[in-house]
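Here's a quick briefing to read alongside the coordinates. Have the viewer open and click along as you go.

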Amino acid sequence: MTRVLVVAWQRFLGARLGGYNVALCGGIHTGFQRLQEQMENTESVAPEVTANQSKSDFRLFPPVPGQGSSLTWSGKKYEDIPIAHIKATYNNTHIQVVSPENLPFARTSCGTEGFRNAKKATAIAAQTAGIAAAAKACRKGVSHVRVVVKGLGPGRMSAIKGLTMGGLEVISITDDTPIPHNGCRPRKARRL
Amino acid sequence: MSHHLKFIARTVMVQNGNVDAAYRTLSRILTVDGIIEDAKRRRYYEKPCRKRQRETYEMCRRIYNTEMARKIAFLMRKNRQDPWLGC
């Protein structure tokens with residue numbers, strides 16, 4: 001069912017749906033038939049929404065490089081905007097702002113901000129790291145940024161918050177949590 | 001993700017600078033797809049016997065919950081406005 005869902009989401013990309021509406025309509029039903037019904041429902045609702053142009057123009061999913069899109073941020077297309085990688089581990093949070101050609105702009109972590117040991121694994125530390133990274137990136141001329149989050153740690157949300165507080169404008173959030181298709185065996189279960 | 005096209009899957013655009021709403025939408029999509037609980041489960045190794053126990057437990061729970069929801073929905077049909085008002 002997960003694979004079906006991924007395919008369904010990508011089909012919505014091509015079909016140019018009001019994906020925003022689908023996501024908000026009382027929770028996403030995982031049944032594929034129900035997804036198709038919702039697709040038909042939103043298509044029938046679309047003509048009524050055309051009056052409110054700004055709401056219907058917003059696409060929940062990013063513009064694909066192949067299909068032309070008129071969305072620009074300070075003159076740059078989506079694929080030319082710098083990326084902010086956030087690695088949120090359970091003990092620390094690393095943030096690195098990189099250009100689209102993988103040239104580094106700024107690199108901070110909770111450790112570089114002066115936190116030690118257990119304090120690095122907090123949301124406040126991640127927020128300060130985010131603010132510092134944003135300040136460093138702004139000094140190098142970065143204004144908009146696409147965020148890529150990796151891992152499920154305490155600093156996952158607050159690092160993005162810190163980036164916005166530091167002055168960078170976040171235009172999209174991607175989740176890049178590594179999901180092995182049964183690759184390496186993780187460590188044994190803790191017995192508390 | 002380095003082997004697949006980047007910024008296509010698991011990506012959400014931010015509308016009007018509302019980062020919180022975008023993050024919540026992304027979290028909802030990921031939980032519904034089962035990615036968050038999968039990542040949490042893979043933090044430590046789950047032995048095959050524990051995995052089998054968990055699967056049967058979840059199956060039983062799902063069956064019980066759906067049947068109970070059906071029963072409640074059926075019984076709630078009685079909860080209507082009195083059709084014989086006044087008699």
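Helices (H or I, at least four residues) and strands (E, at least two) are DSSP runs, numbered from the N terminus. This is a predicted model, where local features need pLDDT of at least 70, side-chain atom pairs count only at pLDDT 80 or more, and totals for chains, interfaces and linings use all residues. Residues are numbered from 1 along each chain as its sequence is written, chains are lettered from A and ligands numbered from 1 in the order in which they are written, and side-chain values use heavy atoms, with hydrogens and water left out.

**Chain A overall**

- Chain A has six helices and five strands, and along the sequence they run α-α-α-α-β-β-β-α-β-α-β.
- Of the 192 residues in chain A, 37% are buried (under 20% relative accessible area; exposed is over 50%, partly exposed in between, with a 1.4 Å probe and protein chains only).
- Take the contacts in chain A (heavy atoms within 4.5 Å) with a separation of 6 or more: 63% of them join residues 24 or more positions apart.

**Helix α5 of chain A**

- Helix α5 covers residues 123-139 of chain A, 17 residues in total, and reaches 25 Å from first C-alpha to last, close to the expected 24 Å (1.5 Å times one less than the number of residues).
- At the start of α5(A), a side-chain oxygen of A:Thr122 comes to within 3.4 Å of the backbone nitrogen of A:Ala125.
- Just after α5(A), A:Gly141 has a positive phi of about 95°.
- The buried residues of α5(A) are A:Ala125, A:Ala126, A:Ala129, A:Gly130, A:Ala132, A:Ala133, A:Ala134 and A:Ala137, and they pack against β2 (93-98), β3 (104-109) and α6 (156-165) of chain A.

**Where α5(A) meets α6(A)**

- The two axes come within 7 Å and cross at roughly 35° (lines fitted to C-alpha atoms, for helices over the stretch in contact, with angles from 0 to 180 degrees between N-to-C directions).
- The crossing of α5(A) and α6(A) is right-handed, meaning the near helix is turned clockwise from the far one by less than a right angle.
- Among the residues that meet are A:Ala126, A:Gly130 and A:Ala133 from α5(A), and A:Ala159, A:Gly162 and A:Leu163 from α6(A).

**B:Leu30 and B:Arg10**

- B:Leu30 sits in helix α1 of chain B and counts as buried because its relative accessibility is 1%.
- Setting aside neighbours within four places in sequence, B:Leu30 touches A:Arg156, A:Asp175, B:Arg10, B:Ile35 and B:Ile36.
- B:Leu30 and B:Arg10 are 20 residues apart in sequence, with their C-alphas 7.6 Å apart.
- B:Arg10 lies in the segment before β1 (11-13) of chain B and is partly exposed, at 28% relative accessibility.

**Positive phi in chain B**

- Most residues other than glycine have a negative phi.
- B:Arg10 has a positive phi near 50° and isn't a glycine.
- B:Asn16, also not a glycine, has a positive phi of about 55°.
- B:Asn16 is in the loop between β1 and α1 (19-33) of chain B, and it counts as exposed because its relative accessibility is 75%.

**B:Arg54**

- B:Arg54 belongs to helix α3 (residues 48-75) of chain B.
- Buried or exposed? B:Arg54 is the residue in question. B:Arg54 is buried, because its relative accessible area is 17%.
- Beyond its neighbours within four places in sequence, B:Arg54 contacts B:Arg41 and B:Glu46.

Methods
Polar contact = N/O pair within 3.5 Å; in protein donor to acceptor, adjacent residues only side chain to side chain.
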